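Student: Could you take me through one part of this model up close, and then show me how a few other parts are put together?

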Amino acid sequence: MSSTSKDMLSKAGFASLLELAIHTPVSYLDTRLSQELIIGETHTFEAEVVSVTKQPKRLVITVNSSLCDQPIEVTIFHPKPYHSALFKPGLKHYLQGKIERFGSKLQVVNPKKISKIGEIVPKYKCKLRQDVYRRIVDNLVTLENLKAQGLDEARASLIVRAHKPDDTWLRLYRKYGGFGPKTVEALKFAEALDHFQRLKGKRIRFSSMCKLNGSIEPFLANLPFELTDDQKRAIEDISNDLRSEFAARRMIVGDVGSGKTMVILASAMMAYPNRAVLMAPTSILARQLYEEAKKWLPEFVKIALVTQSKEIGDIENDHFIIGTHALLYRELPEATLIMVDEQHRFGTEQRKLLEQIVSKDKGKAKPHFLQFSATPIPRTQAMIDSALIDVTLIESTPFVKDITTRIIDKSDFASLLEHIEREVEEGRQVLVVYPLVEESESINYRSLEESVEFWKSRFDGVYVTHGKDKLKDEVLAEFAQNGKILLATTVIEVGISLPKLSTIIIVGAERMGLATLHQLRGRVSRNGLKGYCYLFTHDKNNIRLKEFSKTTNGFEIARLDLKFRKSGDLLTGKVQSGKEFLWLDLAEDEEIVMEAKLRIEK
């Protein structure tokens, strides 16, 4: 692209030609003279002023026009002084307005004066003057330029016509009340293509500190079960990454219960005999991962645990170090593989700091980096993210959870209590999640503190914790062994394993995002136990909750969450969360995004 074209783009406020192209006109001014009168339609016509009458707060002008054989009465409400000078008997003007019949008269109210006729003039939402902006579009949004940006001729032609419409195109525009489906598809594709092109330019590859090709066979031999196809695919993706001369940057996204832990352990085996480090968001989760590693990894893989309260193993010499944020505040030996579990719980700076600590100043060479997340994302989101970081989705689970989800309100509370009593008598556990710890006037639900007495007066074995509770890890561990009912906030959302938990009640469920609800529901039925999820709400007809209750598939829920929330701008951050792409719908447009991604990769 020439420097002149870049200057024009910059002046219009856009970073790329395709970004300019997808910002289509918001309306069109058709200044061609109308050929026949159709009552109730907007017309452009030549008008010769016959007479002018001034009335309170309005100007009534009688005009003759070749469009019809009777006079037309033009009414200007709240006229300005220039109107009187403009409309004088004998003067001719081109006017545009809707012609209506009032009794035997033809009338037009507040018509526009057209200075130049015979054109279809696009109107844009822009900061520049319309004529200046149109000149930029005319110069840059051409068939040749759009094809040079990767668009096929059919789509490029549709987009050009959206900016420079002819009569046929305008008729279709009016028929559809906007752009037709083929034009919309072309604009969506152009937007996806633009995102991939610009994201691709932002990815930086670094040399790896070391190629890793350790064998996972001793680990697989220890397992009494077969890994799922998705787990095997994730391990294969990671194996290819670790053997590369470039440092891996991969995010592995798996639904709750999809078996990400087995993928983590296989990755540690691939790093062996080199060192791997895994950072988890909580002490209790780090401890669980440590115990899983001790259980399934071969004995020759030495494992250490680092939390704020304790250290186990020989940190300087062990092969696999598992820890919390505490890893960031101590000396660590060099490691060639870093893994972060529940990566969204850590800031970018924390992840960078861990990388620096274990790199030992290797210059531009970096350790391999794997991020794991139990928050499913739509496939379209994964495809777009893959331009910046490699993404693997683990969509299947080792077993299908049997969870019944019900939307309830206070009228269902008596039957809910009966259910809880039955579950507790059978030795199963119940979790009640509250939206707030303390009472609030802004939320019309009981808080955690307000509810404690109610539950303790009816049941024994009631435990309570929340995000600010310094002893929450100990409370959760104690509840897992001895408790019956746990009252908590969303602190329980991620990580803790409660194998006896059969029921979760989420208070004020409509206040939470679907992804959070899914994470909470994932706490139950961890080992094939029959599970129940009760969504307590004052709005039983809530559409989001009804859709959520129909599926337990995390990736479908991620799509629904995106559909209801809409997506933010992944590239510039200018569009905040809650806003959508201009044309793309990441909840629905998977095929379009896939085609654009493949086009870029060719």
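Student: Leaving aside its neighbours within four places in sequence, which residues is T537 in contact with?

Tutor: Bear in mind that this is a predicted model. Leaving out neighbours within four places in sequence, T537 is in contact with I407, I408, D409, Y445, E510 and L545. As for where T537 sits, look in the loop between β22 (531-536) and α19 (543-549). T537 counts as buried because its relative accessibility is 0%, and the cut-off for buried is under 20%.

Now for some other loops. K57 is in the loop between β2 (42-55) and β3 (58-64), and H78 is in the loop between β4 (72-77) and α3 (81-86). Both deserve a look at their backbone: most residues other than glycine have a negative phi. K57, though, has a positive phi, near 65°, and the phi of H78 is positive as well, near 50°. As for accessibility, K57 has a relative accessible area of 63%, so K57 is exposed. H78 counts as exposed too, because its relative accessibility is 54% and the cut-off for exposed is over 50%.

Two packed helices are described by the angle between their axes and the distance between the axes. Start with α10 (residues 229-242) and α11 (residues 260-271): the angle is about 30° and the axes are 10 Å apart. The two are therefore roughly parallel to each other, since angles under 35 degrees count that way. α10 passes α11 in a right-handed crossing. From α10, the contact takes in Q231, A234, I235, I238, S239 and L242, and from α11 it takes in M262, V263, A266, S267 and M270. Sorted by class, the contact of α10 with α11 has eight nonpolar residues, three polar and no charged.

Follow the chain on from α11 and you get to P273, in the loop between α11 and β10 (276-279). Here it's the peptide bond that stands out: most peptide bonds are trans. The one from Y272 to P273 is cis, with omega near 10°.

Next comes α8 (residues 181-200), whose axis comes within 9 Å of the axis of α6 (residues 153-163), at a crossing of roughly 105°. That angle means α6 and α8 are roughly perpendicular to each other. On the α6 side you'll find R155, L158, I159 and A162, and on the α8 side K182, T183, E185, A186, L187, F189 and A190. By class, that contact of α6 with α8 comes out as seven nonpolar, one polar and three charged residues.

α8 also packs with α21 (residues 590-601): their axes come within 9 Å and cross at roughly 45°. This makes α8 oblique to α21, and the crossing of the two is right-handed. The α8 residues here are E185, K188, F189, A192, L193, F196, Q197 and K200, and they meet I592, V593, E595, A596, K597, R599 and I600 in α21. The classes in the contact of α8 with α21 are eight nonpolar, one polar and six charged.

How values were computed:
Residues are numbered from 1 along each chain as its sequence is written. This is a predicted model: local features need pLDDT of at least 70, side-chain atom pairs count only at pLDDT 80 or more; totals for chains, interfaces and linings use all residues. Side-chain values use heavy atoms; hydrogens and water are left out. Helices (H or I, at least four residues) and strands (E, at least two) are DSSP runs, numbered from the N terminus. Buried means under 20% relative accessible area, exposed over 50%, partly exposed in between (1.4 Å probe, protein chains only). Contact means heavy atoms within 4.5 Å. Axes are lines fitted to C-alpha atoms, for helices over the stretch in contact, and angles run from 0 to 180 degrees between N-to-C directions. Angles under 35 degrees count as roughly parallel, over 145 as roughly antiparallel, 65 to 115 as roughly perpendicular and the rest as oblique. A crossing is left-handed if the near helix is turned anticlockwise from the far one by less than a right angle, and right-handed if clockwise. Ala, Val, Leu, Ile, Met, Phe, Trp, Tyr, Cys and Pro count as nonpolar, Asp, Glu, Lys and Arg as charged, and the others, Gly among them, as polar.
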